[in-house]
Amino acid sequence: MSKIEPIQSLRGMRNILPPESSKLFILKQIIAETLQQFGYQPWEIPVLEKTALFKRSIGEETDVVSKEMYTFNDRNDESITLRPEATAGVVRTMIEEGLLQQPQRLYVEGPMFRYERPQKGRYRQFTQISVEAFGFDDPALDAELIFIGAKLFERLGFLDQVQLEYNTIGTLEERREYQKALVIYLRQHIESLDEDSVRRLETNPLRILDSKNPQVQKVLDDAPVLDDFLGEASQEHFSRVCALLDELGIAYQRNKRLVRGLDYYNHSVFEWTTDALGAQGTICAGGRYDALVEQLGGKPTPAAGFAFGIDRILLLAEQQGQIKPESVLAYGIALGVEQQAPMMDLCARLRQQLNMKVVFHPQNQSMKAQMKKADQSGAIFAMIMGDGERAEGVVTLKNLRTGEQTQHSEAGLVEVLQGVEND
């Protein structure tokens, strides 16, 4: 019979196994707790959406839509897409469910999909958390979103490893006037632009400001600046956010070339960046997008938010030693089938009383084999129950780190384990 070849995972997709999966679970708990303390509630939205949703919201000329989306036709020959981001789906949900009558604070956590070159901290399927607020047009919301990021990064121990870049991009009308001037200037220097910039000159000129090409950046040194095209209201919005950040003690750097290449963005845009992950750069990005709800068919609604990929956040948190999976406290060993049910029951009571990891060995094996499994589990103690222990109403407790062995009633066992928990 021919050998059956195993099937490998797709490139850019990955299996997340212990201990990393345990660390991710802890990190998600910390993030969820922080966001909910600020009044943001969890939402669940579909992973699959109609392709038209992203074409209309993100734009057909963007790299995300034209190059990176996983798009295919379903059995009804309708074009559907694995979501590359969550904001469009959130807005679609708000319109569909009639939730625009009152302000909303929410976050979405889950898998997103983009077809791009895989690298450390960036995969084709990745977990992203998107934080959104609707119905607030005051600059204080922009500042609050930045404040949330600062507090989260502080709690995770790496606030000093990241930098906040902040900018204003004004209104759509102001950007259109600026874009005309920018295009006229860049056409005069087209021979110095790289291929991507020449293409964006026709499709999305503002994205040229984000170019990492040093030669292009040199050309931009003398280009028109958006600040010269901002009206009084945009300048006031920007000044107020800056003042709030100063009052909150949040350090930031003004980056006049920080933009969003999508028409629905306005006023505030910001990024948290780091050089602690090599070439990873941006770990969190956000801004205000007051035009998006109307663009997707809803009534005009002010909105702002930010998003971050959890993989890069985990890398930074791990560097600071902040994410430590809970270790197994005790490992239950039954020395015969008659002791299995009593040991399972004891383990259940201990979990409830101690709120700690207590593992039962669910296989009738020799004591030597079970002790080996207990060692491999990383447990501090092995709890052993044989015929003698069961008859006397006690459990033999072995400290797997010191070798010390004692016997205890259940009450005494709880007392010993609580002492370890409180050390």
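Q: How do strand 9 and strand 10 pair, and over how many bridges?
A: Strands of a sheet pair through backbone hydrogen bonds, either parallel or antiparallel. Here, strand 9 (residues 266-274) and strand 10 (residues 281-288) are antiparallel partners with seven bridges. Two strands count as paired if DSSP finds at least two bridges between them. The elements are DSSP runs numbered from the N terminus: helices are H or I with at least four residues, strands are E with at least two. Before we go on, this is a predicted model, where local features need pLDDT of at least 70 and side-chain atom pairs count only at pLDDT 80 or more, while totals for chains, interfaces and linings use all residues. Residues are numbered from 1 along each chain as its sequence is written, and side-chain values use heavy atoms, with hydrogens and water left out.

Q: Which residue of strand 10 stands opposite Trp-272?
A: Look for Cys-284 there.

Q: What is the strand order in the sheet with eight strands?
A: Read across this open sheet, the order is 1-5-6-11-10-9-7-8, and the pairing is mixed. Strand 1 (41-43) and strand 8 (253-254) are the edge strands, each pairing on one side only.

Q: Which strands does helix 9 lie across?
A: Contact here means heavy atoms within 4.5 Å. Angles are taken between N-to-C directions and run from 0 to 180 degrees, with axes fitted as lines to C-alpha atoms, for helices over the stretch in contact. Helix 9 (residues 232-248) lies across strand 7 (163-168), strand 8, strand 9 and strand 10, at about 160 degrees to strand 7. Helix 11 lies across strand 6 (125-134), strand 9, strand 10 and strand 11 (303-309), at about 60 degrees to strand 11.

Q: At what angle do helix 5 and helix 9 pack?
A: Helix 5 and helix 9 pack at about 40 degrees, and their axes are 9 Å apart. That makes helix 5 oblique to helix 9. The cut-offs are: under 35 degrees is roughly parallel, over 145 roughly antiparallel, 65 to 115 roughly perpendicular, and the rest oblique.

Q: Is the crossing of helix 5 and helix 9 left-handed or right-handed?
A: A crossing is left-handed if the near helix is turned anticlockwise from the far one by less than a right angle, and right-handed if clockwise. Helix 5 passes helix 9 in a right-handed crossing. Residues in the contact include Ile-146 and Phe-147 of helix 5, along with Leu-244 and Leu-248 of helix 9. By class, there are nine nonpolar, one polar and two charged residues in this contact. Nonpolar covers Ala, Val, Leu, Ile, Met, Phe, Trp, Tyr, Cys and Pro; charged covers Asp, Glu, Lys and Arg; the others, Gly among them, are polar.

Q: How do helix 1 and helix 11 cross?
A: The axes of helix 1 (residues 20-37) and helix 11 (residues 310-319) come within 11 Å and cross at roughly 100 degrees. That makes helix 1 roughly perpendicular to helix 11. Among the residues that meet are Leu-24 and Leu-27 in helix 1, and Ile-313 and Leu-314 in helix 11. This contact has six nonpolar, no polar and four charged residues.

Q: How many residues lie between strand 3 and strand 4 in their hairpin?
A: Five residues lie between them, and Asp-77 in the turn has a positive phi of about 60 degrees. Strand 3 (residues 70-73) and strand 4 (residues 79-82) run antiparallel, joined by four bridges.

Q: How many aromatic pairs does a search of the whole structure find?
A: Rings of Phe, Tyr and Trp (its six-membered ring) pair if their centres lie within 6.5 Å; planes under 30 degrees apart are stacked, over 60 edge-to-face, and the rest tilted. The search finds 13 pairs. For Tyr-265 and Tyr-289, the ring centres are 5.7 Å apart and the planes at 85 degrees, so the pair is edge-to-face.
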